[in-house]
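Take a look at the fold below.

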Amino acid sequence: MAAGFTPLIELSGVNKHFGELHVLRDIDLTVGRGEVVVVIGPSGSGKSTLCRAINRLEQIETGRITIDGVPLPEEGKGLAQLRAEVGMVFQSFNLFAHKTVLQNLMLAQLKVRKRGKAAAEAKSHQLLERVGLEAHAAKYPAQLSGGQQQRVAIARALAMDPKALLFDEPTSALDPEMINEVLDVMRGLAQEGMTMVVVTHEMGFARSAANRVVFMADGQILEDRVPEDFFGHPETDRAKDFLSKILKH
Ligand SMILES: Nc1ncnc2c1ncn2[C@@H]1O[C@H](COP(=O)(O)OP(=O)(O)O)[C@@H](O)[C@H]1O
Ligand SMILES: [Mg+2]
């Protein structure tokens with residue numbers, strides 16, 4: 001490992017089944033502080049389950065997951081705290097429809113971080129500015145485009161001062177012209193040193209922003225390489241096949 005590499009997210013020997021389906025198979029993965037790891041692979045390979053396990057939205061059966069050296073908490077109080085420290089951004093933005101953008105950003109700050117109202121409001125405005133949406137603070141999610149809603153969801157995750165952010169196909173539900181405005185925000189975060197695990201089919205983002213590409217198939221990590229090597233010289237037949245399919249269109 002490179003000098004200065006400090007592990008932030010560590011999975012070792014992680015296994016999970018859904019009934020008969022072995023959805024995570026002996027997963028070992030370390031994400032260093034400030035690293036951007038892009039996870040790619042065919043549909044059904046376990047990418048979302050991997051993210052959900054890191055955020056403890058799914059329980060694992062065997063193995064160990066630690067964040068900053070601390071094992072994931074069991075049910076209960078520790079979980080809300082964990083989810084604040086490891087924010088997650090989903091394909092479907094999951095904003096509260098009956099709350100304004102500002103209220104969406106303030107809610108968890110008040111409830112989970114126990115910030116005062118003024119501090120939460122100030123932080124919200126600062127983050128809206130950062131994602132280019134300050135002018136939309138008083139709107140409801142339905143009044144925004146998909147790309148704008150996803151930027152609000154990113155700001156909401158950032159409002160928790162997370163140690164890391166997980167993105168599960170953050171641009172897959174967006175019209176093509178809105179994808180870049182979201183990827184630009186993510187690139188900015190990466191440049192500022194945010195630790196990120198990103199499930200995406202955006203290979204341009206993977207090439208330009210990722211420190212490593214993790215390729216999954218059938219619940220296993222088959223490759224874990226720097227982008228140049230992965231895209232230039234995929235080692236496994238599964239990865240070669242996958243790349244030939246997605247790079248063709
Ligand atoms: N809650 C669940 N119950 C049963 N099967 C599930 C559940 N969630 C996911 N799966 C199955 O687990 C496999 C991996 O799913 P997922 O992690 O969503 O893959 P990916 O994100 O790579 O498309 C798929 O076969 C999916 O159908
Ligand atoms: Mg998925």
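Are Phe215 and Phe242 buried or exposed? Both Phe215 and Phe242 are buried. Here buried means under 20% relative accessible area, exposed means over 50%, and partly exposed lies in between (1.4 Å probe, protein chains only).

This is a predicted model: local features need pLDDT of at least 70, side-chain atom pairs count only at pLDDT 80 or more, and totals for chains, interfaces and linings use all residues. Residues are numbered from 1 along each chain as its sequence is written, chains are lettered from A and ligands numbered from 1 in the order in which they are written, and side-chain values use heavy atoms, with hydrogens and water left out.

**The aromatic rings**

Rings of Phe, Tyr and Trp (its six-membered ring) pair if their centres lie within 6.5 Å; planes under 30 degrees apart count as stacked, over 60 as edge-to-face and the rest as tilted. By this rule there are three aromatic pairs. One of them joins Phe215 and Phe242. This pair is tilted, with 5.5 Å from centre to centre and 50 degrees between the planes. It links distant parts of the chain: Phe215 sits in strand β9 (residues 212-217), Phe242 sits in helix α9 (residues 237-248), and they are 27 residues apart. Helices (H or I, at least four residues) and strands (E, at least two) are DSSP runs, numbered from the N terminus. Ring pairs also gather Phe215, Phe230, Phe231 and Phe242 into a cluster.

**Strand β9 and its sheet**

Strand β9 is mostly covered, with six of its six residues buried. Arg212, Val214 and Met216 point one way, while Val213, Phe215 and Ala217 point the other way. In a regular strand the side chains alternate between the two faces of the sheet.

β9 belongs to an open sheet of six strands, in the order β6-β7-β8-β3-β9-β10, with mixed pairing. Two strands pair if DSSP finds at least two bridges between them. The edge strands are β6 (86-89) and β10, and each pairs on one side only. From one strand to the next, the twist averages 20 degrees.

| Strands | Direction | Bridges |
|---|---|---|
| β3 (residues 36-40) and β9 | parallel | four bridges |
| β9 and β10 (residues 220-225) | antiparallel | five bridges |
| β6 and β7 | parallel | four bridges |

Single residues show these pairings. Val39 stands opposite Val214 in β9. In β10, the bridge partner of Val214 is Asp224. β9 and β10 form a hairpin with two residues between them, and Asp218 in the turn has a positive phi of about 50 degrees.

**Leu166 in strand β7**

Leu166 lies in strand β7 (residues 164-168). Why does Leu166 count as buried? Leu166 counts as buried because its relative accessibility is 0%. In β7, Leu166 is the bridge partner of Met88. Contact means heavy atoms within 4.5 Å. Leaving aside neighbours within four places in sequence, Leu166 is in contact with residues including Cys51, Ile54, Val86 and Val197. Arg52 is 114 residues away from Leu166 along the chain, yet their C-alpha atoms are separated by 8.9 Å.

**The other sheet**

Four strands form an open sheet in the order β2-β1-β4-β5, with antiparallel pairing. β2 (21-32) and β5 (70-71) stand at the edges, each with a single partner strand, so one side of each is left without a neighbour in the sheet. Strand β1 (residues 7-18) pairs with β2 over eight bridges. In β2, the bridge partner of Lys16 is Leu24.

Helix α1 is mostly covered: six of its eight residues are buried. Among them are Leu50, Cys51 and Ile54. After α1 comes Arg56, whose phi is positive, near 65 degrees.

**The nonpolar cores**

A nonpolar core is a set of buried Ala, Val, Leu, Ile, Met, Phe, Trp, Tyr and Cys residues joined through side-chain atoms within 4.5 Å. The largest one has 52 residues, and those with the most contacts inside it are Ile154, Phe167, Met186 and Met196. Helix α6 (residues 176-191) gives the most to this core, with eight residues. Apart from it lies another core, of 27 residues, among them Ile9, Leu72, Met88 and Ala164. In soluble globular proteins, nonpolar side chains tend to be buried together.

Methods
Axes are lines fitted to C-alpha atoms, for helices over the stretch in contact, and angles run from 0 to 180 degrees between N-to-C directions.
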